[in-house]
Amino acid sequence: MPDNNFEQNQQQFPPEQQQNPQVQPQQQYAPPVQEQPYQGASQQYNNVSPQYAPAQPIEEKASVGLAILSFFIPLVGIILFFAKKKSKPKTAKACGIAALTSIAICVIMSIVGGKSREDSASSSSDYSSYSSSQNDTDKDEDSESPAVSDEKTVFEVGDVYESRSLRITYVSCDADCQDYDEFWKPDSGNKVVRAEFTFENIGDNDESLSSLDCYADNAACESFYGADDYKSPTLESISKGRMFNAVVYYEVPENAEEIVLEYETSLWSEEYITFVIK
């Protein structure tokens, strides 16, 4: 008897499988199912903003030394400002401010100085005409009075120089002074000259005195410090109505034919007067 079960089994498989019963039916590849992360935790993490920012470098304090250098040399301050603007902004700012302050002060002083020179020149011109007429009147009244003038430039012993703020009296001079310390003798071939002056402030403000420079036959001479009463007017200041007595000594060649002292009466206009010793 035919096996009914066998026939039924053959009907269930396609012909290809019936011919090769060892071949298994090809199954379709299905990718593995990836596990999905927990959506709630991920969403919660994404909503949280970062609590920490990258640490910024701590900036050092501004350098006082570089700021002082920038004030006295503005060009260095400008260079430092641009060179350290990013790495050390405080130092750069201090250097820049110091340099600009120095430049501003120089500009202001230049403007004020120029204006002072103009005012001084104008005042000197006005006063010169007045002083000239006044001196002529004084000479007519008293011919024996000492010469007083701000136009005269060469003075002998007894003459008086007078400006709006200063009166200088040429008291005395000695072309061959011997009254000095024996331990301070001049060099061989030289001698010592002495001159005495009186400076009086006749202006309304303090008056700063300048130096007396000595020339023998147009050659500059050195000061002689071997006398006890040596007192130079250099850098001295006298207040209104006060007087200053100056005594100066200079070492000059023995064979000098002309010996004079020069005094600068105006710093701005570089005007000088001359006192003759020999």
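**Aromatic rings and the nonpolar core**

Buried here means under 20% relative accessible area, exposed means over 50%, and partly exposed is in between, with a 1.4 Å probe and protein chains only.

Some housekeeping. This is a predicted model, where local features need pLDDT of at least 70 and side-chain atom pairs count only at pLDDT 80 or more, while totals for chains, interfaces and linings use all residues. Residues are numbered from 1 along each chain as its sequence is written, and side-chain values use heavy atoms, with hydrogens and water left out.

Back to the rings. Rings of Phe, Tyr and Trp (its six-membered ring) pair if their centres lie within 6.5 Å; planes under 30 degrees apart are stacked, over 60 edge-to-face, and the rest tilted. By that rule we get 11 aromatic pairs. Phe199 and Tyr263 make a tilted one, 5.6 Å centre to centre with 45° between the planes. Phe199 sits in strand β5 and Tyr263 in strand β12, 64 residues apart, so this pair links distant parts of the chain. Strands (E, at least two residues) and helices (H or I, at least four) are DSSP runs, numbered from the N terminus.

What about Tyr225 and Tyr230? Their ring centres are 5.1 Å apart and their planes at 75°, so that pair is edge-to-face. Tyr230 is partly exposed, because its relative accessibility is 24%.

Ring pairs also join Phe155, Tyr161, Tyr170, Phe197, Phe199, Tyr263 and Phe275 into a cluster.

Now the core. A nonpolar core is a set of buried Ala, Val, Leu, Ile, Met, Phe, Trp, Tyr and Cys residues joined through side-chain atoms within 4.5 Å. The largest one has 27 residues, and Ile168, Phe197, Phe199, Leu261, Tyr263 and Phe275 have the most contacts inside it. Which element gives the largest share? That's β11, with 5 residues.

Take Leu261: leaving out residues up to four places away in sequence, its contacts (heavy atoms within 4.5 Å) include Phe197, Val248, Tyr250 and Phe275. Apart from this core lies another, of 6 residues, including Cys177 and Phe224.

Finally, the strands, which pair if DSSP finds at least two bridges between them. β12 and β13 run antiparallel, joined by 6 bridges, and Leu261 has Phe275 in β13 as its bridge partner. Strand β2 (residues 154-155) pairs with β13 too, in the parallel sense over 2 bridges. There, Phe155 has Phe275 as its bridge partner.
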